[in-house]
Amino acid sequence: MSIENVSGVRADIAQMLERIRDVSNKSGAFKVDDLAHQSGEFNGVMQSASKILDSVNNSQNQSDALKDQYLKGDPNVSLAQVVLSSEKSKMAFEGLIIVRNKCLDSYKEIMNMPV
């Protein structure tokens, strides 16, 4: 890979990250109020994390409810709604897993630091 291609790849990655941020902001799955930033304490971070977990859980519950309504033959629920809700729920959960893994990696790195 030449140097010219590296800058193109970085631009592609930056563009993809921007798209992910846009989708995340529009879906509302990871909306975090400024509680953690205002308090600067661990308690604020934990409250924000709890709200995010509740949001992902609610997304999954709504997806399951829509799926059940569709399977029962509810005429007000379309297949497109079920698929869209399922994908939003899946994206929120995958994002949560990515954040969890990054936190675990950071913890491991901190624990391996010499004192």
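Methionine 91 lies in helix 4 of a predicted model, in which local features need pLDDT of at least 70, side-chain atom pairs count only at pLDDT 80 or more, and totals for chains, interfaces and linings use all residues. Residues are numbered from 1 along each chain as its sequence is written, and side-chain values use heavy atoms, with hydrogens and water left out. Helices (H or I, at least four residues) and strands (E, at least two) are DSSP runs, numbered from the N terminus. Methionine 91 counts as partly exposed because its relative accessibility is 47%; buried means under 20% relative accessible area, exposed over 50%, and partly exposed in between (1.4 Å probe, protein chains only).

Methionine 91 and isoleucine 20 are separated by 71 residues in sequence and by 10.0 Å in space, C-alpha to C-alpha. Isoleucine 20 belongs to helix 1, which covers residues 3–27. Together with Ile13, Met16 and Leu17, Ile20 forms a nonpolar patch on the surface, and the four share about 370 Å² of accessible area. Patches are made of residues with over 30% relative accessible area and no salt bridge, with like charges joined within 9 Å and nonpolar side chains (Val, Leu, Ile, Met, Phe, Trp, Tyr) within 5 Å. A salt bridge is a side-chain nitrogen of Lys or Arg within 4 Å of a carboxyl oxygen of Asp or Glu. Accessible areas come from the Shrake-Rupley method with a 1.4 Å probe, and for residues only the protein chains shown count as cover.

## Overall make-up and confidence

The protein chain has four helices and zero strands, in the order α-α-α-α from the N terminus on. Of its 115 residues, 13% are buried. The chain exposes about 9,400 Å², of which carbon and sulfur atoms supply 58%. Among contacts (heavy atoms within 4.5 Å) with a separation of 6 or more, 38% join residues 24 or more positions apart.

Mean pLDDT (the predictor's confidence in each residue, from 0 to 100) is 79 for the protein chain, and 77% of the residues reach 70 or more. Confidence is highest in helix 4, at a mean of 91, and lowest in helix 2 (residues 35–39), at 48. Over residues 1–6 the pLDDT is below 50, and this stretch has two contacts in the model beyond near neighbours in sequence.

## Helix 3

Helix 3 has 30 residues and reaches 43 Å from its first C-alpha to its last, close to the 44 Å expected at 1.5 Å a residue. The expected span is 1.5 Å times one less than the number of residues in the helix. Gly44, Ser48, Ile52, Val56, Ser59 and Ser63 are the buried residues of helix 3. Just after this helix, glycine 73 has a positive phi of about 90 degrees.

Serine 59 sits in helix 3, which runs over residues 42–71. Serine 59 counts as buried because its relative accessibility is 15%. Leaving aside residues up to four places away in sequence, serine 59 touches Lys88 and Ser89. Between serine 59 and lysine 90 there are 8.9 Å in space, C-alpha to C-alpha, for a sequence separation of 31 residues.

## Helix 4 and its packing

Helix 4 has 33 residues; its span from first C-alpha to last is 48 Å, close to the 48 Å expected at 1.5 Å a residue. Its buried residues are Val82, Ser85, Ser89, Ala92, Gly95 and Leu96, and the buried residues of helix 4 pack against helix 3.

Serine 85 lies in helix 4, residues 79–111, and is classed as buried because its relative accessibility is 13%. Not counting residues up to four places away in sequence, serine 85 touches Gln62, Ser63 and Leu66. Serine 89 is also in helix 4 and is buried, with a relative accessible area of 6%. With the same exclusion of residues up to four places away, serine 89 touches Ser59, Gln60 and Ser63.
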